[in-house]
Amino acid sequence: MFEVLPLLPADPILGLSIAYAKDTNPLKVDLGVGVYKNNAGVTPIMAAVAAAEKLRIQQETSKAYTAPAGYAGANEACTQLIYGSGHAAVTANRVRTIQTPGGCGALRVAAELIQRAKPGASLWVSTPTWANHVPLLGSAGLKLREYPYYDYVTHSIDFDAMLTTLHTIPRGDVVLLHACCHNPSGADLTREQWNQVADVCVANGLIAFVDMAYQGFGEGLEEDTYGLRLLASRLPEVIIATSFSKNFGLYRERAGALSLVFANEAQANAGNSNLLSVTRALYSMPPAHGAALIDIILHSNELTNMWSDELTLMRERIAGLRVDLVQALNQLQTQRDFSFIARERGMFSFLGLSVEQVHKLKNVYSIYMTDTSRISVAGLTVEKMDYVSKAIVSVL
């Protein structure tokens, strides 16, 4: 049966990680993979997570299955984290939240639910968007379409073009939006732009689907939710996929959540029953460990404060690296202004290099990034800043 299967190429980003691992150059730098790293180049276990794990080991008495929706306490805490205190949709009992295997699981479950409710629905994604959005969402049977978002020439959002296209989207279509720290561009909507997007969604009857993989990495835990909370307050239905890989550092634990706003409580109950039917067919029960840690942390004032403080330091470190990189690049040359890097948020930024220039950085300097010249700023260190900036300037 399997002899007909062809050998497929490695995933572009995962392939970079493999090539980086094999590189023997002591000066090598990995700017490809989207994981947070500290100045030692290590993805650390957050202090609050380590403390919660100790409590988890002491408290856990069974390895039996979790409930299909995951830990009730974690779901309640995630809902609070997403919507804040006293959000109208939550108080009206219109929100249902379940645990999923990472943000990827949340996206796929949402796609399957959309497909069940409206087979072959059109889902609009930004140009560009996270590469894995395409297989995760498209493989469920949804028709993927694109709306303009990032202008590679100006290194900013082409909001006029985006808004013009949103106005043409048929009623009932789904629009995927990034809550913050847009992957892969790092260019985020302003609050005024969010207001205008919400106006279009309300006027044209569009379904907002928000992917929030980086809450706390943009401007702050509360600030990064502005857009989705606005949409949830103005629209009858909103879909929110969230990941805890980045802001809790739980990459390998596959901790995520899917939260939906429904038009009313009765529809919320019906929708939730279908959500659990979808997950039963996909993976039956969600993984327990990561969600249990979130439950522990967010129900402890001490651990919540510890986690929030550490997340602030991580966010500020990335913002500082952006400023340092801009200064280094602009001091070394005058032919190109890299100031846009400091205006962006989160891990990623497009350098605006050609494929040839990217390959030269890899082959000559052992600096790894995707062919689009998207870099993960979190992969930089203070010690490697001079080396990286001089290498980039050398290929301009």
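## Surroundings of M369

Apart from its neighbours within four places in sequence, M369 is in contact with L16, L31, G32, L351, L353, V358, L361, R374 and I375. These contacts are taken from a predicted model.

## Nonpolar cores

M369 is also one of the residues with the most contacts inside the largest nonpolar core, together with F217, F248, I297, W307, M347 and I367. This core has 61 residues. At least two residues each are supplied by helix 2 (47-59), helix 3 (72-83), strand 10 (255-261), helix 11, helix 12, helix 13 (340-343), helix 14 (355-365) and helix 15 (385-394). Helix 12 gives the largest share, 10 residues.

I157 counts as buried because its relative accessible area of 15% is under the 20% limit. Beyond four places in sequence, I157 is in contact with Y149, A187, D188, L189 and Q193. The C-alpha atoms of I157 and L189 are 7.7 Å apart, although 32 residues separate the two in sequence.

## Packing of helices 11 and 12

Helix 11 (residues 289-298) packs against helix 12 (residues 301-332) at an angle of about 105°, and the axes are 6 Å apart. The two helices are therefore roughly perpendicular to each other. On the helix 11 side the contact is made by I296, I297 and L298, and on the helix 12 side by L303, T304 and W307. By residue class, the contact comprises 5 nonpolar residues, 1 polar residue and no charged residue. Two of its members, I297 and W307, are also among the residues with the most contacts inside the largest nonpolar core.

## Salt bridges

The whole structure holds 8 salt bridges. One of them joins D199 and R234, whose closest N and O atoms are 2.6 Å apart. This pair links distant parts of the chain, with D199 in helix 8 (residues 191-204) and R234 in helix 9 (residues 226-234), 35 residues apart. D199 is partly exposed, at 39% relative accessibility, and R234 is partly exposed at 37%.

R229 and E222 form a salt bridge with an N to O distance of 2.7 Å. Here R229 is buried, with a relative accessible area of 14%, whereas E222 is partly exposed at 49%. In the salt bridge between R322 and E344, the closest N and O atoms are 3.3 Å apart. R322 belongs to helix 12 and E344 to the loop between helix 13 and strand 11 (348-350), 22 residues apart. Both R322 and E344 are buried.

Terms used: Residues numbered from 1 in each chain as written. Predicted model: local features only at pLDDT ≥ 70, side-chain atom pairs only at ≥ 80, totals over all residues. Heavy atoms only, no water. Buried < 20%, exposed > 50% of the residue type's maximum accessible area, 1.4 Å probe, protein only. Contact = heavy atoms within 4.5 Å. Axes fitted to C-alpha atoms, helices over the stretch in contact; angles between N-to-C directions. Helix = DSSP H or I, 4+ residues; strand = E, 2+ residues; numbered from the N terminus. Parallel < 35°, antiparallel > 145°, perpendicular 65-115°, else oblique. Nonpolar A, V, L, I, M, F, W, Y, C, P; charged D, E, K, R; others polar. Core = buried A, V, L, I, M, F, W, Y, C linked by side-chain atoms within 4.5 Å. Salt bridge = Lys/Arg side-chain N within 4 Å of Asp/Glu carboxyl O.
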